[in-house]
Amino acid sequence: GALAGLGCGAPADGAATSCLAAAMRWFVHALARTGISVHSAGLWFAATTAAIGVAAVFASTVQLLPSRGAALLGALLAASCPAVAFAATSVHLHAAGFLIAAISTWAAVCWARSGAWWRASLGKEFGSGLFGPAAR
């Protein structure tokens, strides 16, 4: 599991070599130097990554929904999802996976709202695309 990826046991699934496990290892060992136990530091990592992920969901929904209240409800819905709540309150890498998905969603929303995807698909920016020379 996650603690095995931190060097606290034998890694069972090769997670010790992943970027998420490396980030978790760095975060946990940095906090452990302050006197916090490795397990508590792992909980802090999960809670922090989940909280930043919920903030990224809020940033996405602010751009998509008509009001900030609706965007806040969307972010609260993401935070109260049982999978997110469980991952945020236990030592798992899944909260970091949620963070990556939330940041990717936010980036996709920003890109879609910019109109760049439409120009790129018509081939106006790069000279190719879905319709290629026919779009000119």
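What share of the 136 residues in the protein chain do buried residues make up? Buried residues come to 29%, where buried means under 20% relative accessible area with a 1.4 Å probe, protein chains only. This is a predicted model, in which local features need pLDDT of at least 70, side-chain atom pairs count only at pLDDT 80 or more, and totals for chains, interfaces and linings use all residues. Residues are numbered from 1 along each chain as its sequence is written, and side-chain values use heavy atoms, leaving out hydrogens and water.

View 1. The protein chain has 7 helices and 0 strands, counted as DSSP runs (H or I, at least four residues, for helices; E, at least two, for strands) numbered from the N terminus. Along the sequence that reads α-α-α-α-α-α-α.

**View 2. Helix H3 and its buried face.** H3 covers residues 38-64 and spans 39 Å from first C-alpha to last, close to the 39 Å expected (1.5 Å times one less than the number of residues). Its buried residues include Phe45, Val54 and Val57. The buried residues of H3 pack against H2 (19-32), H4 (68-79), H5 (82-88) and H6 (94-114), with contact meaning heavy atoms within 4.5 Å.

**View 3. H3 against H6.** The two helices pack at about 20 degrees with axes 8 Å apart; axes are lines fitted to C-alpha atoms over the stretch in contact, and angles run from 0 to 180 degrees between N-to-C directions. H3 and H6 are therefore roughly parallel (angles under 35 degrees). Their contact has 18 nonpolar, 5 polar and 1 charged residues, with Ala, Val, Leu, Ile, Met, Phe, Trp, Tyr, Cys and Pro as nonpolar, Asp, Glu, Lys and Arg as charged, and the others, Gly among them, as polar.

Definitions and conventions:
Buried means under 20% relative accessible area, exposed over 50%, partly exposed in between (1.4 Å probe, protein chains only). Angles under 35 degrees count as roughly parallel, over 145 as roughly antiparallel, 65 to 115 as roughly perpendicular and the rest as oblique.
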